[in-house]
Amino acid sequence: MNKNRCTMEQDKFVINIGRQLGSGGKAVGEALGRRLGVHVYDKQLINLAAEQSGLCTELFEQADEKKSRSLFSSLIGYLRMPFGGDECGMTDVLSSEALFKIQSDVIRDIASRESCIFVGRCADYILRDHPRAVNVFVTGAPEDRVRRLCEQENVTPEEAEAQMERTDTRRASYYDYFSSGKWGEAATYHLCIDSSVLGIEGTADFIREFAERKLKMNLSGR
């Protein structure tokens, strides 16, 4: 019994995916999750963090992959907040650090119980001590990213480019603020891959093969 439990613990792994907006990183994660038969956690983490903390979902949505507000801004928000408001009125007061810690605890708890894939949310840094973690960054050719956003969001190419720059800047600021790495730089990850080269499905296949070699595990038959 104990030997079986030990074996199950040793078999647990996590794949953490950072991504540029429009690169298809989430789609790659979902395709990989289907191949490996594991859950993919992205925005679901917001609901889980809210559920476990007892705080409202809006708090986590407003802080999602955004750098911390300054102390001055938080104090101003506190002074402006009406007395007797519900917990959602605490958005400007409850620091991003506190919300980050709550979400980090959720990520660690999930990773301790199951093999899974995390998309964004600094999961690679949060799980930096996990013995079987694979950290990947997905990028893509600018023209492919623009095309994908235009199709998904029904926006113009100019709007897609502006959205890409805005979101990637925000994600980089968030990651660099909370982690010891540099968002999007090769040295931060085990693997950086351009989804434009192999496509979504091919990229998922490549990451699976890479993960198998890094973890020295057969993931194909899971």
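I took buried to mean under 20% relative accessible area, exposed over 50%, and partly exposed in between, with a 1.4 Å probe and protein chains only. On that scale, buried residues make up 46% of the 222 residues in the protein.

Provenance, for the record. The model is predicted, so I kept to pLDDT of at least 70 for local features and 80 or more for side-chain atom pairs, while totals for chains, interfaces and linings use all residues. Residues are numbered from 1 along each chain as its sequence is written, and side-chain values use heavy atoms, with hydrogens and water left out.

Entry: overall make-up. I read helices (H or I, at least four residues) and strands (E, at least two) as DSSP runs, numbered from the N terminus. The protein has 10 helices and five strands. For contacts I used heavy atoms within 4.5 Å. Of the contacts with a separation of 6 or more, 72% are between residues 24 or more positions apart.

Entry: H2 against H10. Axes are lines fitted to C-alpha atoms, for helices over the stretch in contact, and angles run from 0 to 180 degrees between N-to-C directions. I found that the axes of helix H2 (residues 25-36) and helix H10 (residues 195-215) cross at roughly 55° and come within 8 Å. Under 35 degrees counts as roughly parallel, over 145 as roughly antiparallel, 65 to 115 as roughly perpendicular and the rest as oblique. H2 and H10 are therefore oblique to each other. Their crossing is right-handed, meaning that the near helix is turned clockwise from the far one by less than a right angle. On the H2 side I listed Ala27, Val28, Ala31, Leu32, Arg34, Arg35 and Leu36; they meet Ile200, Glu201, Thr203, Ala204, Asp205, Ile207 and Arg208 in H10. By class, the residues of this contact are eight nonpolar, one polar and five charged. The classes are Ala, Val, Leu, Ile, Met, Phe, Trp, Tyr, Cys and Pro as nonpolar, Asp, Glu, Lys and Arg as charged, and the others, Gly among them, as polar.

Entry: H3 against H6. Helix H3 (residues 44-53) and helix H6 (residues 96-113) have axes 9 Å apart and pack at an angle of about 105°. That makes H3 roughly perpendicular to H6. From H3, the contact uses Leu45, Ile46, Leu48, Ala49, Gln52 and Ser53; from H6, Ile102, Gln103, Val106, Ile107, Asp109 and Ile110. I noted eight nonpolar, three polar and one charged residues in the contact of H3 with H6.

Entry: aromatic pairs. Rings of Phe, Tyr and Trp (its six-membered ring) pair if their centres lie within 6.5 Å; planes under 30 degrees apart count as stacked, over 60 as edge-to-face and the rest as tilted. My search of the whole structure gave eight aromatic pairs. In one of them, tyrosine 177 and phenylalanine 178 have ring centres 4.9 Å apart and planes at 85°, so the pair is edge-to-face. Tyrosine 177 is partly exposed at 42% relative accessibility, whereas phenylalanine 178 is buried at 11%. Ring pairs link Phe100, Tyr174, Tyr177 and Phe178 into a cluster.

Entry: loop glycines. Glycine 184 lies in the loop between helix H9 (157-178) and strand S5 (191-194). Its relative accessible area is 32%, so glycine 184 is partly exposed. Glycine 184 touches Phe137 and Tyr189, not counting residues up to four places away in sequence. Glycine 181 is also placed in the loop between H9 and S5, and is partly exposed at 25%.
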